[in-house]
Amino acid sequence: MTSSTQGNENSSENEFERQQFSASEKDKALVTILDHLDFLRGGRPTPQMVDAKSERTQRTVERILSGARRVFTENGYGGLSLRKVAEEAEIAVGNLTYHFPNKQTLIEAMLRDSLARYIKDHLDQFHVGRDSASDILITIIRRNGVLSRKFYRFFFQTWGYAASSEQARETVRELYRPLGKFIFHMVRAANPSLDYIAARRATLQYFSLEEGYKLFVGYGPTNEDAAITAEKDIEELVREIVGLPQ
């Protein structure tokens with residue numbers, strides 16, 4: 001027969017283990033996403049970009065990537081051309097091809113740059129050292145709702161690009177896979193009682209809700225109240241899926 005004192009000690013030990021596991025998973029999540037951010041920022045498609053030291057060159061590259069993002073968002077991968085991007089960036093085509101010799105190089109650099117901005121925006125929303133794992137997870141969910149309404153067309157075109165070829169699919173998969181790992185570790189950190197399979201299932205369900213919402217706000221009802229209500233519904237569903245208090 002276990003005494004109440006032993007029971008309390010076991011309970012305290014279990015709670016300590018859960019806290020340690022949660023902290024470990026949170027650390028894994030942050031290492032995953034910070035490493036990926038470094039990868040996205042460090043991936044340079046041409047030696048010219050690596051060696052660029054002048055502010056003028058950096059501004060030119062930024063104009064090209066911004067122009068490519070606007071053309072891609074409006075016209076998709078099929079409607080993106082070096083000429084259109086050069087016109088959007090207000091530079092000569094030859095200047096553009098000096099940095100990005102072909103369409104594939106440009107699209108991959110643009111996706112890297114856009115995803116890096118997206119990740120940086122998320123990291124800026126919470127205090128890594130102070131916020132709990134569940135707070136971070138909910139903050140991400142709420143921020144995704146805001147960004148989904150603002151950039152739904154870009155995400156829609158990205159998935160369209162991923163479906164255009166096997167190479168495109170692998171490119172998008174490489175860029176987005178670490179985001180899935182990040183959410184997976186945050187789910188386990190938020191609820192340490194979830195085993196590996198349950199955490200993977202919760203992660204998949206979350207991404208299904210998020211991507212479905214992007215389609216909803218882009219090509220469904222335009223009523224702002226409906227969109228905000230859907231965001232609240234997603235948060236409640238994720239809380240239920242992960243096992244967090246409502």
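Student: Which helices each supply at least two residues of the lining of the largest cavity?
Tutor: This is a predicted model, in which local features need pLDDT of at least 70, side-chain atom pairs count only at pLDDT 80 or more, and totals for chains, interfaces and linings use all residues. Residues are numbered from 1 along each chain as its sequence is written, and side-chain values use heavy atoms, with hydrogens and water left out. On a 1 Å grid over the protein atoms alone, a cavity is a set of points where a 1.4 Å probe fits but cannot get out, and lining residues have an atom within 4 Å of a point. Helices are DSSP runs (H or I, at least four residues) numbered from the N terminus, and those supplying at least two lining residues each are α7 (133–162), α9 (196–219) and α10 (224–242).

Student: Which helix gives the most to the lining of the largest cavity?
Tutor: The lining includes Ile141, Asn144, Tyr206, Tyr213 and Glu231. By class it divides into 4 nonpolar, 3 polar and 2 charged residues (Ala, Val, Leu, Ile, Met, Phe, Trp, Tyr, Cys and Pro count as nonpolar, Asp, Glu, Lys and Arg as charged, the others, Gly among them, as polar). With 4 residues, the helix that gives the most is α7.

Student: How much space lies in the largest pocket?
Tutor: A pocket is an open set of points with protein on both sides within 12 Å along at least five of seven lines. Of its 30 lining residues, Tyr176, Arg177, Leu179, Gly180 and Phe207 are closest to the centre. The largest share of the lining, 11 residues, comes from α8. Taken as the space filled by probe spheres set on the grid points, which are joined across faces, edges and corners, the volume is about 810 Å³.

Student: At what angle do α3 and α4 pack?
Tutor: Contact (heavy atoms within 4.5 Å) is made by residues including Arg63, Ile64 and Val71 of α3 and Lys84 and Val85 of α4. Axes are lines fitted to C-alpha atoms over the stretch in contact, and angles run from 0 to 180 degrees between N-to-C directions. For α3 (residues 55–75) and α4 (residues 82–89), the axes lie 8 Å apart and the angle is about 115°.

Student: Which element has the lowest mean pLDDT?
Tutor: pLDDT is the predictor's confidence in each residue, from 0 to 100, and the protein averages 85. Helix α4 has the highest mean among the elements, 96. Where pLDDT is low, the predicted coordinates should not be read in detail. The lowest mean, 46, belongs to α2.
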